[in-house]
Amino acid sequence: MENFETRIDLNNISNTAETIKKEIGKYIIGQHQTIDLLLMALLADGHVLLEGVPGVAKTLMTKLLAKTIDAQFKRIQFTPDLMPSDVIGTMIYNSKTNDFEFKRGPLFANIVLTDEINRAPAKTQAALFEAMEERQITVDGTTHLLDSPFMVLATQNPIEQEGTYRLPEAQLDRFLFKIEVVYPTLEEEKQILKTFHLKNTVDFTSIKSFLNATSLVELRHTVQKVLVEENLMGYIAQIIHETRNHPSILLGASPRASLAVMNASKACATLRGRDFISPDDIKFVTPHILKHRITLTPEKEMEGLLIADVINQVLEKIEIPR
């Protein structure tokens, strides 16, 4: 263990992450944990669901992150009349060739922002299932592979219910993180006013790129090499297993959640300058991985019990490996 410090060179990841955070910080005041989680998801090859009331810079944050990467970015505004073909593409008749050709939809990009994802009906949301999990799309029996890297950044408003549709559990399970974007503090709000006193819009053309598709894939390969000791794998498995046996939980987390905790912990460790994960990494990422994957019993929901409290109970119950 004494050679942990030199086993993997993490300088490239650390330097890139810091420059990206600095660039985003020119326009986003505060939200440090949210930005850290977005970078972890980026390194762990995971999708992110950002939930917050209007005006807390969810869309701006995702667009800024996408601009710091020299890769193809597409934004899809989800609406009640959005059809699956508007997302994945459709077959178009070509009079020159006398045949049908597949016209790619906006989902064929490296980073896809699905704004207000809960405004589209289940049929359209289901169009994302295959793409998010298998990185491919099947249309009329033909499979089309998506480019690598591929990442979905989705936003939704937790308060407004009119004209919205609840995301299916199968889709929620495909998001690595659910990040709750909170209001800024008083001091941060003052700084926002100072920052945008003389400029009301963000000049996206001035945002610098620090990664491209190839270098991002290389960073992800580095993250995959991060050491996970067997006792920590057992710790992760115990946490997830406990969600299936907790008296307050109706629906526990799936094995996909175990993998999500492990992969996110690796990314967390690299951003903290280590090439091995620790229990602290696991405890940090777990709430953001479980909060959208478990369902409380109706009785506990009526009592006002919060999912966050139950997750804390689970983490406190499992003995931390030494």
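## Strand E10 and its partner

Strand E10, residues 175-180, is mostly covered, with five of its six residues buried. The model described here is a predicted one. E10 pairs with strand E1 (residues 47-51) in the parallel sense, and five bridges connect the two strands. Within this pairing, leucine 50 stands opposite isoleucine 179 of E10.

A second pairing joins strand E7 (residues 136-139) to strand E8 (residues 142-145); the two run antiparallel and share four bridges. Isoleucine 137 has histidine 144 in E8 as its bridge partner.

E7 and E8 form a hairpin, with two residues between the strands. In the turn, aspartate 140 has a positive phi of about 50 degrees.

## Helix H2

Helix H2 covers residues 11-24, which is 14 residues.

Which residues of H2 are buried? They are Ile13, Thr16, Ala17, Ile20, Glu23 and Ile24. Viewed down the axis of H2, these buried residues fall within an arc of 130 degrees, and therefore they line one face of the helix. On the face of H2 turned away from the buried side are the exposed residues Asn11, Asn15 and Lys22.

The buried residues of H2 pack against several elements. Four of these are helices: H3 (32-43), H4 (58-67), H10 (213-224) and H12 (255-271). The list also includes strand E11 (211-212).

Aspartate 115 lies in strand E6, residues 111-115. Its relative accessible area is 4%, so aspartate 115 counts as buried, the cut-off being under 20%. Not counting residues up to four places away in sequence, aspartate 115 touches Thr59, Arg75, Ile76, Gln77, Phe78 and Thr155.

Glutamate 242 is found in helix H11, residues 230-243. Why does glutamate 242 count as buried? Its relative accessibility is 10%, and the cut-off for a buried residue is under 20%. Leaving aside neighbours within four places in sequence, glutamate 242 is in contact with Val314, Lys317 and Ile318. Lysine 317 is 75 residues away from glutamate 242 along the chain, yet their C-alpha atoms are separated by 8.8 Å.

## The chain as a whole

The protein chain contains 15 helices and 13 strands. Its radius of gyration is 21 Å, close to the 20 Å that the globule rule gives for 322 residues, so the chain is as compact as a globular protein of that length. Along its principal axes, the C-alpha trace spans about 70 × 45 × 40 Å.

Of the 322 residues in the protein chain, 50% are buried. The chain exposes about 16300 Å², and carbon and sulfur atoms supply 52% of that area. Among contacts between residues at least 6 apart in sequence, 78% join residues at least 24 apart.

Key. Residues are numbered from 1 along each chain as its sequence is written. This is a predicted model: local features need pLDDT of at least 70, side-chain atom pairs count only at pLDDT 80 or more; totals for chains, interfaces and linings use all residues. Side-chain values use heavy atoms; hydrogens and water are left out. The expected span of a helix is 1.5 Å times one less than its number of residues. Buried means under 20% relative accessible area, exposed over 50%, partly exposed in between (1.4 Å probe, protein chains only). The arc is that of the directions from the helix axis to the C-beta atoms. Contact means heavy atoms within 4.5 Å. The radius of gyration is taken over C-alpha atoms; the globule rule is 2.2 Å times the number of residues to the power 0.38. Accessible areas come from the Shrake-Rupley method with a 1.4 Å probe; for residues, only the protein chains shown count as cover. Two strands pair if DSSP finds at least two bridges between them.
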